[in-house]
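Please walk through this structure with me.

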Amino acid sequence: MNPLKRLGRRRASLVSLLAVSGLVIPGAATAAPDAPDAVRASTLGAQAAQSGRYFGAAVAAGKLGDGTYTSILDREFTSVTPENEMKWDTTERTRGSFTFGPADQIVNRATARGQRVRGHTLVWHSQLPTWVSSLTDANTLRGVMNNHITTVANHYKGRIHSWDVVNEAFADGGSGQHRSSVFQNLLGDGFIEQAFRTARLADPAAKLCYNDYNIENWSDAKTQGVYRMVRDFTSRGVPIDCVGLQAHFGAGGPPSSFQTTLANFAALGVDVQITELDIAQASATAYTNTVRACMNVARCTGITVWGIRDSDSWRSGENPLLFDRNGAKKSAYQATLTALGGTAAARAAAAAAPTSSPPSLSAAALPTGFSWSSSGALIAPKPDATHHIAGIKDPSVVYYNGKYHVFASTASTAGYNLVYLSFSDWSQAGSATHHYLDRTAIGAGYRAAPEVFYNTSQRLWYLVYQTGNASYSTNADIGNPNGWSAPRNFYSSMPDIIKQNIGNGYWVDMWVICDSADCYLFSSDDNGHLYRSRTTVGQFPNGFTDTVIVARDSNKYALWEASNVYKVQGSDQYLLLVEAIGSDGRRYFRSWTTSSLAGSWTPLAASEGNPFARASNVSFPSGAWTRDISHGEMIRAGYDQTLTIPSCRLQYLYQGMNPGASGDYNSLPWRLGLLTQTNSTC
Ligand code: XIL
């Protein structure tokens, strides 16, 4: 979004200056929406992401050389748990000597692919070296335990989504008490609290979980014992964020009270996660019942199956997993995908896919040419007595908790500000309420071109936007428009390299994306330059520095503005889109890819003849209401700071307008429409 257009004195628009006359197509700006279905997915991870959940697997470092194993892992799963590699007998087999190699292999591989990691586990009576279990002095053990937690959690700091801080501390049977262990016997009941407090200090960003088995049936004494502990912890402010229910089930699957148990733990104010799911004989019904219970509890944030193929399972004799020993999908797989919310079309596509030889990483990469089908205008301005809005522009969108959340610029002769709306599917987009954010702490005045994402380590939503500087607000609840903080700036002033190159342009369209180590802020200058600054994930939102020019074009219209950068799910690709103004004066998008956010970009579909998205490769079944395919955003596979998008069936929410419109740029009738990729091969 170009701020110069907000200046009232600028009467003529770039579009009208550059437009070729005679292209006017009778406008259908309010054409009935051709609303596509909600995003469909054909993998477990992508399907779970549509409700904001992860779908994970336990992974063994020793199997990472097995191509069948890794291709299923990367295709289907958005989270991994090292099966044994983080346990005490691997990480500190001898006192004070730490071994991280095998776990590092899993963590590095996962983070490079945008998969999150569950840390398993810091304190457990099993797989514990005898030098620990044979200690007899409480002070020595306390020091040993705290040192172990601190050293391991510190090594993985910032890279672990959730830690199983304490595993299996409760006894089976009717006591509801802690089990006997060296920790319990020497340190007493307080060892669990001590472990959680130490873990919080070591990695404040990780969710801290208590993890156990046989706590799925609500009335069991063991479940009740864990419940009392979590209630006690939350009431006294002992740091605990989640309960992991292992869910190692017999052939009958979960107990009928399973959902009640999940809901009751969640009602204490913690997340619940299904952490080690496997079911003897893997009946489709048993998997369906398990997944449904999680889907029905808002704070059930993800599911991990304990292995990939039956042959990988610690219970391999019971064939308890979703893939057979050849890597083919079992009926339990289809049942799980369906229960995660897969549509009929996704299920048909999944069933048609070859099951014994899953697609490789490169098959998940993007094509080199694109074609699209566009909806009609789905979202139009809703002016009120004090907001005489002419255009709605520059949308940012995430799908979270069963809703699309859209943030956009509002344009009027008075200038630019922001609006928020949410809806459950695209057919509802037009009737959603518009919340004007100038009424919130974000405030009145120039705010435009928002980008929204969730920062998982800080557990905060960020709204990034331009104000002349690069600004942001934060909010704990994306659904609460009044929750946004007042604007803050990423930079104290415009970086020198931008000052030196901006010419007569304007500094616009700030975009943040993070990998596992760093966050990058991209921006444009309407003078043919794309810039990038960097900070660490830990320092974000502070510390943006090292600003460089990542792309330049002597024809400034070819590298204009509205850049988007995404991670492509299931591949090592990142995708860059930059809006250009074509020879016909109309907006369109060019695209590039790279394997590193800090790297240089290679053209993908980057010309007017082979554009990423331009009126020339978009069909309009409900009427060609726009010739501009302008500033917007991809529908993501998730909603966090990695900005991960699916690798197929892409959808892009964009701004377009009646091609016949002209006049004051701020008064142009921009509307939002949705492109759906039509040449997807998966
Ligand atoms: C199991 C692993 O899958 C096996 O490879 C290993 O031999 C024993 O441990 N509860 C847990 C997991 O918390 O760590 C266990 O994993 C299964 C039961």
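Where does A282 lie? In this predicted model, A282 sits in the loop between β8 (271–279) and α12. Its backbone stands out. Phi of A282 is near 50°, a positive value in a residue other than glycine. Most residues other than glycine have a negative phi. Is A282 buried or exposed? A282 has 5% relative accessibility, under the 20% cut-off, so it counts as buried.

Helix α12 covers residues 284–295, and helix α13 covers residues 331–339. Their axes come within 8 Å and cross at roughly 25°. Angles under 35 degrees count as roughly parallel, so α12 is roughly parallel to α13. The crossing of the two, α12 and α13, is right-handed. Which residues make the contact? From α12 come A284, Y287, T288, V291, R292 and M295. From α13 come S331, A332, A335, T336 and A339. By class, the contact of α12 with α13 holds seven nonpolar residues, three polar and one charged.

Helix α12 also meets α11. The axes of α11 and α12 come within 9 Å, crossing at roughly 25°. That angle is under 35 degrees, and therefore α11 and α12 are roughly parallel to each other. Their crossing, α11 with α12, is right-handed. On the α11 side, F258, Q259 and L262 take part. They meet T290, R292, A293 and C294 of α12. The contact of α11 with α12 has four nonpolar residues, two polar and one charged.

Helix α10 spans residues 221–236, and helix α11 spans residues 258–266. The axes of α10 and α11 come within 10 Å and cross at roughly 15°. These two helices, α10 and α11, are therefore roughly parallel to each other. α10 passes α11 in a right-handed crossing. T223, V226, Y227 and V230 of α10 make the contact with T261, N264 and F265 of α11. In the contact of α10 with α11, four residues are nonpolar, three are polar and none is charged.

How many helices and strands does the protein chain hold? There are 16 helices and 31 strands. The radius of gyration is 26 Å, close to the 26 Å that the globule rule gives for 682 residues, so the chain is as compact as a globular protein of that length. Along its principal axes, the C-alpha trace spans about 85 × 50 × 45 Å. Buried residues account for 60% of the 682 residues. Of the contacts with a separation of 6 or more, 66% come from residues 24 or more positions apart.

Two buried residues show such contacts in detail. M86 lies in the loop between β2 (79–82) and α4 (88–91). M86 has 0% relative accessibility, so it counts as buried. Not counting residues up to four places away in sequence, M86 touches T91, A103, V107, G119, H120, T121, Y156, I160 and W163. M86 and L122 are 36 residues apart in sequence, yet 7.6 Å apart in space, C-alpha to C-alpha.

L576 belongs to strand β24 (residues 574–581). Its relative accessible area is 1%, so L576 is buried. Leaving aside neighbours within four places in sequence, L576 is in contact with L530, S563, N564, V565, R590, S591, W592 and W601.

Return to the contacts of M86, which include H120 and T121. What joins H120 and T121? A cis peptide bond does, with omega about 0°. T121 lies in strand β3 (residues 116–124). Most peptide bonds are trans. A further cis bond runs from F540 to P541, with omega near 10°. P541 is placed in the loop between β21 (529–536) and β22 (545–552).

D509 has a positive phi of about 60° although it is not a glycine. D509 lies in strand β19 (residues 508–514). With a relative accessible area of 3%, D509 is buried.

Definitions and conventions: Residues numbered from 1 in each chain as written. Predicted model: local features only at pLDDT ≥ 70, side-chain atom pairs only at ≥ 80, totals over all residues. Heavy atoms only, no water. Axes fitted to C-alpha atoms, helices over the stretch in contact; angles between N-to-C directions. Helix = DSSP H or I, 4+ residues; strand = E, 2+ residues; numbered from the N terminus. Parallel < 35°, antiparallel > 145°, perpendicular 65-115°, else oblique. Left-handed = near helix turned anticlockwise from the far one by under 90°. Contact = heavy atoms within 4.5 Å. Nonpolar A, V, L, I, M, F, W, Y, C, P; charged D, E, K, R; others polar. Rg over C-alpha atoms; globule rule 2.2 N^0.38 Å. Buried < 20%, exposed > 50% of the residue type's maximum accessible area, 1.4 Å probe, protein only.
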